[in-house]
Amino acid sequence: MNPSWTLGCVLCGKRYAGLDPRMRCECGETLEVNHVFGDNIQPEIFDSRLGSRLPLDRSGVWRFRELILPLPVSAQGRVVLRPEGNTNLYDLPSVAEWVGLDRLLLKHEGENPTGSFKDRGMTVGMTVARLLGAHAVACASTGNTAASMASYAALAGMRAIVFIPEGKIAFGKLSQALAFGALTIQIGGDFDAAMKLVEQLCLDRGIYLLNSVNPFRIEGQKAIGFEILQDLGWEVPDWIVLPGGNLGNCSALAKGLLELRALGLIPRVPRIAVIQAEGADPFYRLYRQGGQLQPVQAETLATAIRIGDPVSWRKALRGVIASDGLVEEVSDAEILEAKARVDRAGIGAEPASCATVAGIRKLRACGTIGREERVVGILTGHVLKDPDTTMGYHRGTLPDYVPSMPNAPVRLEASEDPESLLRSIRALARSEQV
Ligand SMILES: *Cc1c(COP(=O)(O)O)cnc(C)c1O
Ligand SMILES: [Zn+2]
């Protein structure tokens, strides 16, 4: 196979072959996919596939294949897919009112097959692993990458090895990695320590690395932006807001939107706002102070963005600047409040996702985002990923935090006398006006 794309260094520009298994340039910086797009790519092609029954067309990633990874027809049968994407774009008036917007649309990436947007990158990364003839794949993960990689590796019949930081992973995610059969190694350190170990292991043993340093995962994640535009009939919103951890997703969103503009499919790019947790905010500091990224010791209850040394900061910063975007930070308390509203609207999301909504509220409060502007927020992960935080919120057991709208389960004593239990239930129903 003779790919139409090459890999290019984000810093020095050195080029490598399109299907090189390397993750970094000789200079140490990350790589990205440089496409030579075919001509005559039109939105109508992607819209026409919406009614198709072909798995490749039904995937919210591969539907945009000309923009993601243009494979020859002979290779298309080797694509590893679930299929992913096709997530809902929710119009939630109660959340809009809470953040101070006339209207707020939330793209729920938690509705992907394994419950997070990671599936969009993984289908492309795992397909490339297969095209390269890899025997095993590995990643370091705060949880969702592990869950996603384990699933896609099982589909592809490949061995999966995941490194996770001990004690700092939500149980929903860990249980998925185990269930899907990944060799799961808990590291007595944080994500950043696990990341360094896994990069070394992959180099030593010829294992294909599927962290977001992998340039092909970034290509798949571009489809979040493509699908938002398709959902909106190719009308460009004013803002797209998302949480930032390792910063692969922000890099992907910006890259995809800039490519769409270069191809003339959209007239301008939305402004991208990246929201970090205060306890894991190296990108926010970089945005404020300039210079090089200074790693921090990360701490936040939003475990999916508990990352102190984000690998894709250079790509992400370039994307934020090119979109006339910005970086904001929010506290864990603000994340929890936002999560309570998103959950209560009947949709729900994991804590890191709700940094998006907390960030929109903050940017509205200081007037950066106007009340009438058209804002799309990305919810990155499913509410079931982290049941402990949700239960802690509603039971009021989270440390140093008093929830504003707790909803703890009501306990009624079991009684010998069924009549008296029924009386208690009736009294409760009356007081709750049911
Ligand atoms: C991975 C992840 C993030 C962070 O995305 P990055 O690409 O690492 O910035 C945010 N939220 C959830 C739920 C995630 O799984
Ligand atoms: Zn280089």
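**The ligand site and beyond**

Mentor: Threonine 380 has a polar side-chain atom 2.7 Å from a nitrogen atom of ligand 1. Such a polar contact is a pair of N or O atoms within 3.5 Å; within protein, one must be able to donate a hydrogen and the other to accept it, and residues adjacent in sequence count only if both atoms are side-chain atoms. Of the 380 Å² that ligand 1 exposes when taken alone, the protein buries 96% (areas by the Shrake-Rupley method with a 1.4 Å probe; for residues, only the protein chains shown count as cover).

Before we go on, please keep in mind that this is a predicted model, where local features need pLDDT of at least 70 and side-chain atom pairs count only at pLDDT 80 or more, while totals for chains, interfaces and linings use all residues. Residues are numbered from 1 along each chain as its sequence is written, chains are lettered from A and ligands numbered from 1 in the order in which they are written, and side-chain values use heavy atoms, leaving out hydrogens and water.

Now to aspartate 238, in the loop between α11 (223-231) and β10 (239-243). Helices (H or I, at least four residues) and strands (E, at least two) are DSSP runs, numbered from the N terminus. Aspartate 238 counts as buried because its relative accessibility is 18%; buried means under 20% relative accessible area, exposed over 50%, and partly exposed in between (1.4 Å probe, protein chains only). Its side chain reaches the backbone nitrogen of arginine 374 at 2.7 Å. Not counting residues up to four places away in sequence, aspartate 238 touches Arg268, Pro270, Arg271, Glu373 and Arg374 (contact means heavy atoms within 4.5 Å).

Arg271 from that list also falls in strand β11 (residues 271-277), which runs parallel to β12 and is joined to it by five bridges; two strands pair if DSSP finds at least two bridges between them. One such link has alanine 273 with leucine 326 of β12 as its bridge partner. Strand β12 (residues 326-330) is mostly covered, five of its five residues being buried. In a regular strand the side chains alternate between the two faces of the sheet. In β12, Leu326, Glu328 and Val330 point one way and Val327 and Glu329 the other way, and all are buried.

Elsewhere, an open sheet of three strands has the order β2-β1-β3 with antiparallel pairing. Its edge strands, β2 (15-16) and β3 (31-34), each pair on one side only. Strand β1 (residues 6-9) and β2 share two bridges, with glycine 8 opposite arginine 15. Cysteine 9 is buried, since its relative accessibility is 7%, whereas cysteine 27 is partly exposed at 44%. The structure holds zero disulfides (pairs of cysteine sulfur atoms within 2.5 Å).
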